[in-house]
Amino acid sequence: MGTDPAAELFARLAEPFTGEALFDRLDGVVYFVKNERAEYVLVNRTLVERCGAAEKSELIGKTAEDLFPPPLGRSYREQDEALIRSGEAIVDQLELHLYPGGRTGWCLTNKLPLRDREGLVAGLVGSSQDLRPPAEAEDGYDDVARAVRFAREHLEDRPSVEAMAEVAGLSAYQLDRRIRRLFNLTPGQLLLKLRIDAAAEQLRRTDRPASHVALSCGYSDQSAFSRQFRRTIGLTPLEYREAYRST
């Protein structure tokens with residue numbers, strides 16, 4: 001059996017490769033590593049700036065709840081703790097992030113468990129990619145956040161763009177324009193993403209039949225759900241569940 005090239009390379013390095021120096025040079029990306037207590041052990045410069053700190057050392061040993069105001073800080077910490085308990089990755093989570101000066105903006109967050117030699121979760125590594133650079137931030141994030149939160153909480157009822165607009169206090173046209181500017185998606189595409197994301201999470205985390213998953217995500221027809229899921233993900237719901245659980 002041949003030598004593992006990655007293991008061979010990393011064994012030769014003078015110190016562990018963390019990616020810190022690389023992520024320090026990427027704009028619009030927050031990068032971090034946390035231990036099993038959800039405390040920061042490694043951060044990049046972008047995260048330091050977002051927290052209004054001068055040095056990385058000011059973040060090390062603290063949790064997100066220590067650094068970010070509520071409710072964001074609390075929700076980040078709870079998200080971390082849930083991942084550490086379950087060992088299940090968070091992939092392309094659409095959420096709000098905090099910028100200097102208290103402004104919020106949209107990002108896509110990914111968090112992956114870090115396991116020790118016995119296979120237990122020892123911490124996590126994560127990143128958040130801005131969907132819009134802070135310099136381009138504009139009013140309307142809170143309005144759209146309400147609409148997205150409403151849609152996510154009412155997927156079973158197939159929320160319409162008009163209902164989302166009413167929650168946001170905007171016209172359907174205004175909401176459409178803001179969603180397109182913020183996400184480069186139409187409202188319909190955003191709703192599809194929310195529905196498929198919710199379905200994928202249930203398939204990963206639960207044993208619910210695909211028909212129940214379909215209903216909870218606003219699909220009255222399981223066949224239509226399966227077709228849409230396969231077009232979006234590349235696998236049927238059952239294939240996705242089996243593939244995920246075999247990893």
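1. Let's begin with the charged pairs: the count comes to 14 salt bridges, a salt bridge being a side-chain nitrogen of Lys or Arg within 4 Å of a carboxyl oxygen of Asp or Glu. Please keep in mind that this is a predicted model, where local features need pLDDT of at least 70 and side-chain atom pairs count only at pLDDT 80 or more, while totals for chains, interfaces and linings use all residues. Residues are numbered from 1 along each chain as its sequence is written, and side-chain values use heavy atoms, with hydrogens and water left out.

2. For the overall layout, the protein has twelve helices and five strands. Helices (H or I, at least four residues) and strands (E, at least two) are DSSP runs, numbered from the N terminus. Of the 247 residues, 42% count as buried; buried means under 20% relative accessible area, exposed over 50%, and partly exposed in between, using a 1.4 Å probe and protein chains only. Among contacts with a separation of 6 or more, 47% are between residues 24 or more positions apart, where contact means heavy atoms within 4.5 Å.

3. Which residue pairs with Asp80 in a salt bridge? The partner is Lys111, with N to O at 2.5 Å. Lys111 belongs to strand β4 and Asp80 to helix α5, so this pair ties together parts that are 31 residues apart in sequence. Both ends are shielded: Asp80 is buried, at 0% relative accessibility, and Lys111 is buried at 3%. Leaving out residues up to four places away in sequence, Asp80 touches Lys34, Ala38, Lys111 and Leu124.

4. A second pair worth a look is Glu20 with Lys56, whose side chains meet in a salt bridge at 2.5 Å, N to O. This pair links distant parts of the chain, 36 residues apart: Glu20 sits in helix α2 (residues 20-23), and Lys56 in the loop between α3 (45-50) and α4 (64-67). Glu20 counts as partly exposed, at 24% relative accessibility, whereas Lys56 is buried at 17%.

5. For contrast, here is a pair within one helix. Arg77 forms a salt bridge with Glu81, the closest N and O atoms being 2.9 Å apart. The two are four residues apart in helix α5, which means that about one helical turn separates them. Arg77 is buried, with a relative accessible area of 18%, and Glu81 is partly exposed at 30%.

6. On to the cavity. How many cavities of 30 Å³ or more are there? The count comes to one. On a 1 Å grid over the protein atoms alone, a cavity is a set of points where a 1.4 Å probe fits but cannot get out, and lining residues have an atom within 4 Å of a point. Grid points are joined across faces, edges and corners, and a volume is the space filled by probe spheres set on the points. The largest cavity holds about 100 Å³ of space. Its lining includes Val30, Phe32, Tyr40, Phe68, His97 and Lys111.

7. Which elements give two or more residues to that lining? They are β1 (29-35), β3 (90-98) and β4 (104-115), and the largest share, three residues, comes from β1. By class, the lining has six nonpolar, three polar and three charged residues. Here Ala, Val, Leu, Ile, Met, Phe, Trp, Tyr, Cys and Pro count as nonpolar, Asp, Glu, Lys and Arg as charged, and the others, Gly among them, as polar.

8. The largest nonpolar core has 28 residues, and those with the most contacts inside it are Val144, Met164, Leu175, Ile179, Phe225 and Phe229. Such a core is a set of buried Ala, Val, Leu, Ile, Met, Phe, Trp, Tyr and Cys residues joined through side-chain atoms within 4.5 Å. Helix α9 gives the largest share of this core, eight residues. Apart from it lies another core, of 19 residues, among them Phe32, Tyr40, Leu59 and Ala64.

9. Finally, two backbone points to check. Most residues other than glycine have a negative phi. Ala38, not a glycine, has a positive phi of about 65 degrees; Ala38 is in the loop between β1 and β2 (40-43) and is buried at 1%. Arg158 also has a positive phi, of about 50 degrees, and is found in the loop between α6 and α7. Is Arg158 buried or exposed? At 51% relative accessibility, Arg158 counts as exposed.

Technical notes. On a 1 Å grid over the protein atoms alone, a cavity is a set of points where a 1.4 Å probe fits but cannot get out, and a pocket is an open set with protein on both sides within 12 Å along at least five of seven lines; lining residues have an atom within 4 Å of a point.
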